[in-house]
Amino acid sequence: MASKSRGRAVSALTAFMTWGAMAAAWAAESKFNLPTPQSQVAREIYDLHMLILWVCVGIFIVVFGAMFYSIWKHRKSVGHQPAHFHENTKLEVVWTIIPFMILVGMAIPSTKTILNMRDASNSDMTVKVTGYQWKWEYEYPAEGIRFLSTLSTPRDEIENRAAKGEHYLLEVDNPLVVPAGKKVRLLLTANDVIHSWWVPAFGIKQDAIPGYVKDAWFKADNPGVYRGVCAELCGKDHGFMPIVVEVKTQEEYDKWVLAQRAAKAAAVADASKTYTLDELKAKGEAVYKTHCAACHQADGKGLPPAFPALAGSKIATGDKAAHLDIVMNGKANTAMAAFGKQLSDVELAAVITYERNAFGNATGDVVQPADIKALRK
């Protein structure tokens with residue numbers, strides 16, 4: 001008889017372990033679970049998440065199992081008399097100690113993970129991240145590289161004139177590029193409102209707050225493209241502010257740095273040129289679509305009163321100096337951002353020229369990069 005009972009117990013234990021292994025495998029692959037971790041911190045977060053999940057499942061089974069068993073076993077129809085547990089010291093000690101031990105058991109790995117997340121020391125490289133409405137700026141101080149990263153999903157997809165792409169609202173023109181296996185320290189701030197830089201695969205989520213510099217870090221395990229979003233409701237186009245991190249091998253990253261420096265040198269040379277009206281309009285249209293069309297619309301008609309039209313407006317057809325001033329310095333107490341620090345001399349000259357000679361505006365005015373450079377002094 002005892003042997004039979006042991007056999008049942010072993011079978012039950014084996015079945016439970018098999019079920020646990022299958023459940024763990026399903027949880028790891030499920031699209032409803034956290035994304036596959038791609039860094040040490042992300043793995044710690046994932047393991048912590050699974051540990052607490054199974055603790056909660058165990059508590060659920062024990063508590064509700066005992067409750068339903070008691071209801072069935074001691075139901076009124078079998079004539080069971082209710083027991084009384086008032087002022088039972090042993091019971092009160094037990095149901096206090098057990099939850100306390102469970103909380104301590106969860107607090108220890110949680111604290112270890114949080115401390116690891118906050119330890120940005122001994123990094124291999126630093127990138128400054130600045131949030132704008134609605135784009136990110138990445139600056140590599142040691143490499144002398146700086147660029148903006150903006151949504152690249154076509155407006156036709158956003159406005160339902162074309163089918164949605166695979167990475168709809170999760171694609172950018174210039175991704176953050178880092179080498180694999182290197183500890184990257186991020187210094188995060190914002191220029192206007194609070195944003196939040198979040199890439200789940202790396203287990204990193206840090207608010208970017210105007211006037212403050214917060215730090216965070218990640219070390220990507222493998223080359224690849226990893227996506228995230230701004231996780232703070234930051235305005236009208238909050239959902240149009242994705243994050244893309246391209247992780248390269250060290251060799252590929254070194255080549256990318258050289259290419260970026262060459263492009264920067266070329267941009268400096270371009271800024272000294274004198275452009276024709278058509279050349280500036282062509283460049284300006286691209287800048288306008290990237291940085292201005294979300295508010296003022298592709299046809300320049302805007303969304304009054306928050307985003308005024310440029311087509312036929314006094315700003316785009318009137319005093320040129322006033323137009324330059326509002327584009328470079330923004331307008332207080334409105335959604336008009338200051339683009340003076342975001343765009344290059346060529347980009348500013350091109351977009352202002354475009355606005356003054358598009359949407360039916362035909363001023364014939366030309367703004368050269370040299371004009372912008374003179375205003376910066």
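1. In this predicted model, Val 177 has Glu 246 of β10 as its bridge partner.

2. On its other pairing, β10 is joined to strand β9 (residues 224–230) by six bridges, and here the strands run antiparallel. Within this pairing, Val 229 stands opposite Pro 242 in β10. Both senses of pairing are known for sheets in general, since strands pair through backbone hydrogen bonds either parallel or antiparallel. Strand β10 is largely enclosed by the rest of the structure, because six of its seven residues are buried.

3. These strands belong to an open sheet of five, ordered β4-β10-β9-β6-β7, with mixed pairing. The edge positions are taken by β4 (176–179) and β7 (204–208); each has a single partner strand, so one side of each is left without a neighbour in the sheet. On average, and ignoring direction, neighbouring strands of this sheet are turned by 25° against each other.

4. Which helix packs on the sheet, touching β4 and β10? Helix α5, spanning residues 250–271, does so, and its direction makes about 135° with that of β4.

5. The axes of helix α10 (residues 345–356) and helix α11 (residues 369–376) come within 8 Å and cross at roughly 115°. The crossing of α10 past α11 is right-handed. On the α10 side, the contact is made by Asp 345, Val 346, Leu 348, Ala 349 and Ile 352; α11 contributes Pro 369, Ile 372, Lys 373 and Arg 376. By residue class, this contact between α10 and α11 comprises six nonpolar and three charged residues, with no polar ones.

6. How many disulfides does the model contain? The count comes to zero. A disulfide requires the two cysteine sulfur atoms to lie within 2.5 Å. For Cys 234, which is in no disulfide, the nearest cysteine sulfur is that of Cys 230, 3.9 Å away. Cys 295 is likewise in no disulfide; its nearest cysteine sulfur belongs to Cys 292, at 8.4 Å.

7. Are Cys 234 and Cys 295 buried or exposed? Cys 234 is buried, because its relative accessible area is 5% and the limit for a buried residue is under 20%. Cys 295, with a relative accessible area of 14%, is also buried.

8. Asn 116 lies in helix α3 (residues 89–118). With a relative accessibility of 22%, Asn 116 counts as partly exposed. Apart from its neighbours within four places in sequence, Asn 116 is in contact with Val 41, Glu 44 and Trp 217.

Conventions:
Residues are numbered from 1 along each chain as its sequence is written. This is a predicted model: local features need pLDDT of at least 70, side-chain atom pairs count only at pLDDT 80 or more; totals for chains, interfaces and linings use all residues. Side-chain values use heavy atoms; hydrogens and water are left out. Buried means under 20% relative accessible area, exposed over 50%, partly exposed in between (1.4 Å probe, protein chains only). Two strands pair if DSSP finds at least two bridges between them. Helices (H or I, at least four residues) and strands (E, at least two) are DSSP runs, numbered from the N terminus. Axes are lines fitted to C-alpha atoms, for helices over the stretch in contact, and angles run from 0 to 180 degrees between N-to-C directions. Contact means heavy atoms within 4.5 Å. A crossing is left-handed if the near helix is turned anticlockwise from the far one by less than a right angle, and right-handed if clockwise. Ala, Val, Leu, Ile, Met, Phe, Trp, Tyr, Cys and Pro count as nonpolar, Asp, Glu, Lys and Arg as charged, and the others, Gly among them, as polar.
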